[in-house]
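Subject: The structure I promised you

Hi,

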Amino acid sequence: MTNNEKENKKRETEKLVHKLIQAIDDHPDKVHNYYDLGSLLTRLNDYEQAEELFMKALGIFEAKSDESAINLLNYGLGNLYYEVGKTDKAIELYNKISDKKLKADSYLMLAQSYMKKGLHKQAVAYGITAHDLRAEDPEINQVLGDSLLALGEFTAAKTYYDAILKRHPGRADTQFNRGLVAMVLGEPYEDYLTQAKQLSPSYYEASEKKIAEIQKTLRATQGKKE
């Protein structure tokens with residue numbers, strides 16, 4: 001991205017922030033204005049302001065006992081805490097969500113939060129609950145595949161990765177991890193890894209050590225069998 005493009009993007013973002021602030025001033029009773037601004041500030045890494053806004057909005061809508069608004073704001077604040085690594089705080093907020101429209105999203109975020117903590121069995125449990133609500137969501141299938149891969153449940157992981165690749169073959173993370181699963185299961189795996197490398201060389205490079213680790217484990221296992 002050139003400096004000119006960066007400047008243009010910065011200006012557009014500032015315009016959007018001002019537009020959302022104006023929307024809150026004009027319609028202080030509409031929760032989506034607070035949620036949209038808080039989410040934008042989170043994406044811009046302006047975490048302090050985002051947290052302040054979400055907390056302020058929660059105070060407003062809790063005073064009105066507006067459960068739907070409280071659910072949405074808890075979800076937004078949970079995403080902020082997830083982003084900054086306050087995973088336990090995020091889990092606490094996701095667990096508060098009762099809104100049916102947000103259930104699949106909150107279960108997905110719970111699965112991702114537990115995965116971040118290295119608690120893969122809990123991640124699978126929440127991932128399956130999310131999957132029951134939205135079976136074709138690639139993010140839900142990915143967190144299930146990744147958690148099962150971490151648990152050594154390779155055949156089960158394969159099912160979720162294959163479900164993603166039918167509709168979303170352009171995901172480097174799915175292609176790469178499907179390649180790892182194929183490697184362990186003794187299936188052809190080179191095409192998956194090649195696809196991953198072409199789609200995202202940086203992701204491939206960052207994850208490449210996993211290939212060596214799996215190959216080492218497989219050699220050790222074969223050695224024991226012999």
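This is a predicted model: local features need pLDDT of at least 70, side-chain atom pairs count only at pLDDT 80 or more; totals for chains, interfaces and linings use all residues.

Is serine 113 buried or exposed? Its relative accessibility is 0%, and buried means under 20%, so serine 113 counts as buried. Its side chain comes within 2.7 Å of the backbone oxygen of methionine 109. Setting aside residues up to four places away in sequence, serine 113 touches Tyr82, Thr87, Ile91 and Tyr94.

Now hop over to tyrosine 94. If you skip its neighbours within four places in sequence, its contacts are Tyr75, Gly78, Asn79, Tyr82, Ser106, Met109, Leu110 and Ser113. Tyr94 also matters for the next bit: the largest nonpolar core has 56 residues, and Leu73 and Tyr94 are the ones with the most contacts inside it. Helix 4 (residues 67-83) gives this core its largest share, 9 residues.

Time to zoom out. The protein chain has 13 helices and 0 strands. Of its 226 residues, 41% count as buried. Along the principal axes, the C-alpha trace spans about 70 × 45 × 30 Å. The chain exposes about 13,200 Å², with carbon and sulfur atoms supplying 50% of that. Take the contacts between residues at least 6 apart in sequence: 47% of them join residues at least 24 apart.

Helix 3 covers residues 47-63, and at 1.5 Å a residue its 17 residues should span 24 Å; the end C-alpha atoms are 24 Å apart, so the two agree. Which of its residues are buried? They are Ala50, Leu53, Phe54, Ala57, Leu58 and Phe61. Looking down the axis, these buried residues fall within an arc of 135°, so they line one face of helix 3. The general idea behind this is that an α-helix has 3.6 residues a turn, so residues three or four places apart point the same way. On the other side of helix 3 you'll find Glu48, Glu52, Lys56 and Ala63, which are exposed. The cover over the buried residues includes helix 1 (3-26), helix 2 (31-43) and helix 4. Just past the end of helix 3, serine 65 takes a positive phi of about 55°.

Helix 7 (residues 120-133) can be read in a similar way. Its 14 residues should span 20 Å at 1.5 Å a residue, and the end C-alpha atoms are 20 Å apart, which agrees. The buried residues here are His120, Ala123, Val124, Gly127 and Ala130. They cover an arc of only 130° around the axis, so they sit on the same side of helix 7. Over on the other side, Lys121, Asp132 and Leu133 are exposed.

One last stop: methionine 183, in helix 10 (residues 172-185). With a relative accessible area of 7%, methionine 183 is buried. Leaving out neighbours within four places in sequence, it is in contact with Tyr189, Leu193, Ile211, Ile214, Gln215 and Leu218. Have a look at the pair methionine 183 and isoleucine 211: they are 28 residues apart in sequence, and 8.7 Å apart in space from C-alpha to C-alpha.

Methods:
Residues are numbered from 1 along each chain as its sequence is written. Side-chain values use heavy atoms; hydrogens and water are left out. A nonpolar core is a set of buried Ala, Val, Leu, Ile, Met, Phe, Trp, Tyr and Cys residues joined through side-chain atoms within 4.5 Å. Buried means under 20% relative accessible area, exposed over 50%, partly exposed in between (1.4 Å probe, protein chains only). Helices (H or I, at least four residues) and strands (E, at least two) are DSSP runs, numbered from the N terminus. Contact means heavy atoms within 4.5 Å. The expected span of a helix is 1.5 Å times one less than its number of residues. The arc is that of the directions from the helix axis to the C-beta atoms. A polar contact is a pair of N or O atoms within 3.5 Å; within protein, one must be able to donate a hydrogen and the other to accept it, and residues adjacent in sequence count only if both atoms are side-chain atoms. Accessible areas come from the Shrake-Rupley method with a 1.4 Å probe; for residues, only the protein chains shown count as cover.
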